[in-house]
Each structure stands twice: as C-alpha cells, then as structure tokens.
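Hi,

Here is the structure I promised to pass on.

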Amino acid sequence: MVLTNLMSLSNVEKIKFLKSFDCFICDCDGVLWHGREPVSKAPEVLKNLVLMGKRRFYFSNNSALTRKQYVEKFNTLGFDAEENEVLSTAWLTAKYLKNIKFNKKVYLAGAISIKEELDAFGIESIGVGPDNYEPKSSPGGPLVFKDVELLPDIGAVVIGYDLFLSYPKIAKACSYLNNPECLFIATNKDEKIPIAGGLTVPGTGTLVTAVEACSERKAEVMGKPSPFVIDNILIPSGLDPKRCLMIGDRCNTDIVFGKQRDMITLLVETGVHKHSDLKKFKSSGMNHLIPSYYTSSLSDLLEIISL
C-alpha cells in the first residue's frame, strides 16, 4: 500500500480528488473538534464542501449524546448540522431495534442519551445509571448474590459508554445473555479515549469486552468499523459508497469502516493516529489500516477547494 500525502499531489490530482466523491462522512472527535474547541478552519471547510454540492454526514462513535444534542454542539461550535445528517451510535442502536420490530425491554449499561433515543422509538429500557446492589461474601468464601431479580421480558442487552459500569451490572448483563434469544448490542468498541493532561481512560470497547468474556458471546456493533451504517442508512438513501469520502483520525475505526465498502478514506493527524503510525502499520503488513490519503488537518482541504 502506498502512503499518499494528499497535499503532495499536483493541482490536477487535487482537483481530481475533489471530483471523485459526492458525499463526505466525517468523524467528529479529533477531526472537527477537541472537546469544546473546533479544529482550526474545520467549519469553513465543511461549509465550502456543501457549497460545492457535496452531501454530508457526521458519524461519531460517542454514544454520550443524542442526535439533538449533537446538533446543538455543532451549532455552538460554528458548524451547520441537521438531525438527519447526524449518525450517533445512541440513535443507531435505537433505530436498529425499531427496524427489526423489537418489542421487549432492553437492559442498558450506557449513558442516558441511549435511553432517550430508545424512548423516542417507544422502546422501554432499564439499567441506566448507578446500580447500588452490593453482592455479599463471607471472609474467604464465595460471592453471594441474594434477591437479585432478573426480569423475564428483557430481549436485548445494550452496552454503551457507562461511567457506572460495575460488577453487579456485568453480572446482570451476562445473566440475561444466557438466553440465546437475547440480543447483544454494543454502541461501539473504541478501546480507549485519550483526554487532556496525557490521561487515557477506558472506552466502550473495554466495557463490551468484559461482558463478551463473561457471556462467551460477541456483540453486534452499531458504530465504526461495523458496516451497519453503510448497508442500512447510506446505500438505502441512494449513495454509492465508492463515491463517498470517509474522513477520520483513527485507523482501526474510521479508516477500516470506509475501506470495508471501498470508500475513499482520508486520515487527518489531529487525533489518534499519525503518519508515523501508518509507517508502522505498513511495515507490519496491516494494510487494512492504511487510508487512501493522509494529511495534517482538515484545514488543508481549503487549499484544494480554492483551486
């Protein structure tokens, strides 16, 4: 695989690049913003792409916000966005269950945003927030769960980003999953989240893995790199994946997501992965992680748009 720096292309090649896609799908954290700070000139880039006639979607693996809350954040940070352009994993989880005519209850280990999206589709859920149950054990003796009630009408276990995930929650999730007909859904499987101050915190993938290990089952993943969105949202809307540009900062989610359906992929170095990582991936033969192009920041596209 060739590591192609987008900005090293000739002007003719840059114009050809812009003409090669009809729609762009943009990751959010690390591409458009860092926390509450937009990446330099990112709003301007996206506005110009839309003025060129490109369609857009915003796709975040972060399940901590509803689509409505994402739109509010976009507008606050200077981006234009409408709800039908936002692909959040909280909403995708609810839409998936609605599409399959799910009519039971969900055991949810995740943020209130997932519950709100489920509520909007008329799907009842339990489990959000802290679980104050405390298992008992005698010194040196076995752990004992007493008076734990498992509801009979739980038809799905959903794991999202949950700051309150606990031993009792994992135990309850795995107990429900003993039923092979109970669905097992993960909003995403991002393994870690780098945050300010050099701190790294566990991502949803870490939490999902704990439940997978206990239940001996694999979760159905809604977020990237799962192709669920491509097959169930984008293609049905009339888009050709080969005419879409996937812009992301994380190779094992954003780039793999796009490459699964032959999208053009662009890695920006304002987030998780850098050019140095790409060289390591290439030397290790991990070609599935190599994007079509890479560049330092989304702002570089302004130079190409102005040609």
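Below is what turned up on salt bridges and on one surface patch.

Keep in mind that this is a predicted model.

Salt bridges first: the structure holds 15 of them. The one I'd start with pairs Asp 27 with Lys 224, whose closest N and O atoms are 2.8 Å apart. It links distant parts of the chain, 197 residues apart: Asp 27 sits in the loop between strand 1 (23-26) and strand 2 (33-34), and Lys 224 in the loop between strand 14 (220-221) and helix 8 (228-234). Asp 27 has a relative accessible area of 7%, so it counts as buried. Lys 224 is buried too, at 1%.

Lys 224 also has a salt bridge to Asp 254, with 2.7 Å between the closest N and O atoms. Asp 254 belongs to helix 9 (residues 251-259), 30 residues away from Lys 224. Like Lys 224, Asp 254 is buried. Shared partners join Asp 27, Lys 224 and Asp 254 into one network.

Another salt bridge brings together the side chains of Lys 105 and Glu 124 (3.6 Å, N to O). Lys 105 is in strand 6 (residues 105-109), while Glu 124 lies 19 residues away in the loop between helix 5 (112-120) and strand 7 (125-126). Glu 124 is partly exposed, with a relative accessible area of 43%.

Then the surface: Leu 143, Phe 145, Val 148, Leu 150 and Tyr 167 make a nonpolar patch of about 440 Å². Of these, Leu 143 is found in strand 9 (residues 143-144) and is partly exposed, with a relative accessible area of 42%.

Cheers

How values were computed: Residues are numbered from 1 along each chain as its sequence is written. This is a predicted model: local features need pLDDT of at least 70, side-chain atom pairs count only at pLDDT 80 or more; totals for chains, interfaces and linings use all residues. Side-chain values use heavy atoms; hydrogens and water are left out. Patches are made of residues with over 30% relative accessible area and no salt bridge: like charges are joined within 9 Å, nonpolar side chains (Val, Leu, Ile, Met, Phe, Trp, Tyr) within 5 Å. Accessible areas come from the Shrake-Rupley method with a 1.4 Å probe; for residues, only the protein chains shown count as cover. A salt bridge is a side-chain nitrogen of Lys or Arg within 4 Å of a carboxyl oxygen of Asp or Glu. Helices (H or I, at least four residues) and strands (E, at least two) are DSSP runs, numbered from the N terminus. Buried means under 20% relative accessible area, exposed over 50%, partly exposed in between (1.4 Å probe, protein chains only).
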